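User: I am new to this structure. Please take me through the labels used for it and what backs each one.

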Amino acid sequence: PLKKLKDGLLSTTSSEDSRELANFSINEKGSTVSITVVGASGDLAKKKIFPALFALYYEDCLPKHFTVFGYARSKMTDVELRDMVSRTLTCRIDKRENCSEKMDQFLKRCFYHSGQYDSEENFKELAKKMKEQEFEDVPLLMQDGRISNRLFYLSVPPNIFIDVVKCASTSASSANGWTRVIVEKPFGRDFESSAALTRSLKEYLVEDQIFRIDHYLGKELVENLSVLRFSNLIFEPLWSRQYIRNVQFIFSEDFGTEGRGGYFDNYGIIRDIMQNHLLQMLALFAMETPVTLEAEDIRNEKVKVLRSMKPLQLENMVIGQYKGHTKGGVTYPAYTDDKTVPKGSLTPTFAATALFINNARWDGVPFLMKAGKALHTKRAEIRVQFRHVPGNLYNRSFGTDLDRATNELVIRVQPDEAIYLKINNKVPGLGMRLDRSNLNLHYAARYKNEIPDAYERLLLDAIEGERRLFIRSDELDAAWSLFTPLLKEIEEKKIIPEYYPYGSRGPVGAHYLAARYNVRWG
Ligand code: NDP
Ligand code: BG6
């Protein structure tokens, strides 16, 4: 009967149909959400966005009436999109579980539209398809009552952002609900280009519609930073220059820029990792207690930290680039061996720097950052090294290495998530000898559930209108203001990076930099 009603045969409704219509109005009117992945044929969409959407569906986190659209220039049918997407979906809780039924249900809600990024006509066609799905189960007479919300995820290169936003906002935005846009990085390559991008976006959107993503904010242990600090009495009183000697933010990957050299060469590691992922973690780490956990209160505190940072100095920056080498019969390529990287490129694939926050809490405490590709290990960590115990009774005669004997709190963001505190401890036995041991919260041992991918949390937040984990425009301005002068200086002076072998620990200069501040990298 509903199908009959939808087809316009309402005038011939039986009393049974009327009852159904009445029930419909009570239970089904609600709202819909259409999620359009722009750039659906690309790497990020396949690797992260569609799997995250499926995970949300699997966990019953998506609204009841949702539809996913892929949009890109590549020609594809709905069936081909579903086939492409299905290859990257996995069961959420336990990979051994059989969730093929859920996958089929999810895939049935995925559609594809091929179009140009600057064609309003093509976006109108997309909007028409959206509308068909949004009202698929709603009788004609009831359609006015249903709110259709629309989320666009810009998973395309940044030079296309504005075209898409223009077309989507003029031809495919929601008539009666919200329209939101998730913007991927890179958001500009310096202060001016980032501000220009924000200005252009704001010709079509208001700030509240723009969700600038930094996927590190969606990582479990980064979200946990505030919980750790503000809900445990033992940490917050120590969280200052009085007790903390230095803080380190470390990002390292054990693979190079393979496949993304073209993009990377225009940005380099400082823009790719430091200015966003590491700086965001620093801001969350160092901010004052927000008034509440509301997005604006947290973002206000983060902006204050960013604006309190001392200008970065070239002498406090070490840059490096990986070179090829052969080990155990295997040849590892140099960064410039990538065909998409210009010969002789000076783009850094490694950088280390020392930053300082000019406020009462952190004055004089070095915040060290290190980020690199093609290093010996893959990890992302925050390491907090505490001061020495004043008048320590347990000196060298107890086997203590005084240089290393300070407490250290390590927040291992990935892989193998953990929080551990290094303490000095008596080695059991009749003698009195100390060693360093860990109080260890190892996530895999403590929590059985798989940790959600960052993109799941961020997509869900965008759907729910939660902005806490997205970057506000003034935060972005402050982040670029900090890094832009130094980036310009490095590029204008054509600073030659220190070359380090693929798979090594990176340039030795990073150790000299740390030593200047009495720090050893953890
Ligand atoms: P891709 O290079 O794979 O591009 C996505 C899609 O955009 C392509 O499938 C293509 O679709 C279209 N496209 C690519 N180049 C152009 C061009 N020059 N002109 C017009 N359309 C183009 O990007 P990714 O999927 O890797 O990344 C998407 C966005 O996410 C980018 O902004 C990237 O910086 C960011 N990002 C990516 C990460 C990753 O791991 N891949 C990580 C973090 C951020 P079609 O030809 O079908 O139109
Ligand atoms: C992206 C960078 O933002 O983050 C990539 O552009 C990097 O260069 C990636 O590889 C790392 O993300 P993750 O979540 O794998 O640590």
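User: What makes helix 3 stand out in the shell around ligand 1?

Analyst: Helix 3 (residues 43-58) gives the largest share of that shell, three residues. A helix here is a DSSP run of H or I, at least four residues; a strand is a run of E, at least two; both are numbered from the N terminus. The model is predicted: local features need pLDDT of at least 70, side-chain atom pairs count only at pLDDT 80 or more, and totals for chains, interfaces and linings use all residues. Residues are numbered from 1 along each chain as its sequence is written, and chains are lettered from A and ligands numbered from 1 in the order in which they are written.

User: Which residues come nearest to ligand 1, and how does the shell divide?

Analyst: G42, L44, A72, R73 and S74 come nearest, out of 18 residues around ligand 1. A residue is near if its C-beta atom, placed from the backbone, lies within 6 Å. The shell divides into nine nonpolar, five polar and four charged residues. Ala, Val, Leu, Ile, Met, Phe, Trp, Tyr, Cys and Pro count as nonpolar; Asp, Glu, Lys and Arg as charged; the others, Gly among them, as polar.

User: Why is helix 11 called roughly perpendicular to helix 12?

Analyst: The axes of helix 11 (residues 268-286) and helix 12 (residues 295-307) cross at roughly 105 degrees and come within 9 Å. Axes are lines fitted to C-alpha atoms, for helices over the stretch in contact; angles run from 0 to 180 degrees between N-to-C directions. Under 35 degrees is roughly parallel, over 145 roughly antiparallel, 65 to 115 roughly perpendicular, and the rest oblique. Therefore helix 11 is roughly perpendicular to helix 12.

User: Which residues meet there?

Analyst: A283, L284 and A286 of helix 11 meet K302, V305 and L306 of helix 12. Contact means C-beta atoms, placed from the backbone, within 7 Å. Five of these residues are nonpolar, none polar and one charged.

User: Why are strands 16 and 17 said to stand at the edges of the sheet?

Analyst: Nine strands form an open, mixed sheet in the order 16-15-14-13-7-12-11-8-17. Two strands pair if DSSP finds at least two bridges between them. Strand 16 (434-442) and strand 17 (498-501) each have a single partner strand, so one side of each is left without a neighbour in the sheet.

User: How do you know that strands 15 and 16 pair?

Analyst: Strand 15 (residues 418-426) and strand 16 share nine bridges, in the antiparallel sense. I419 has L441 in strand 16 as its bridge partner.

Methods. Contact = placed C-beta atoms within 7 Å.
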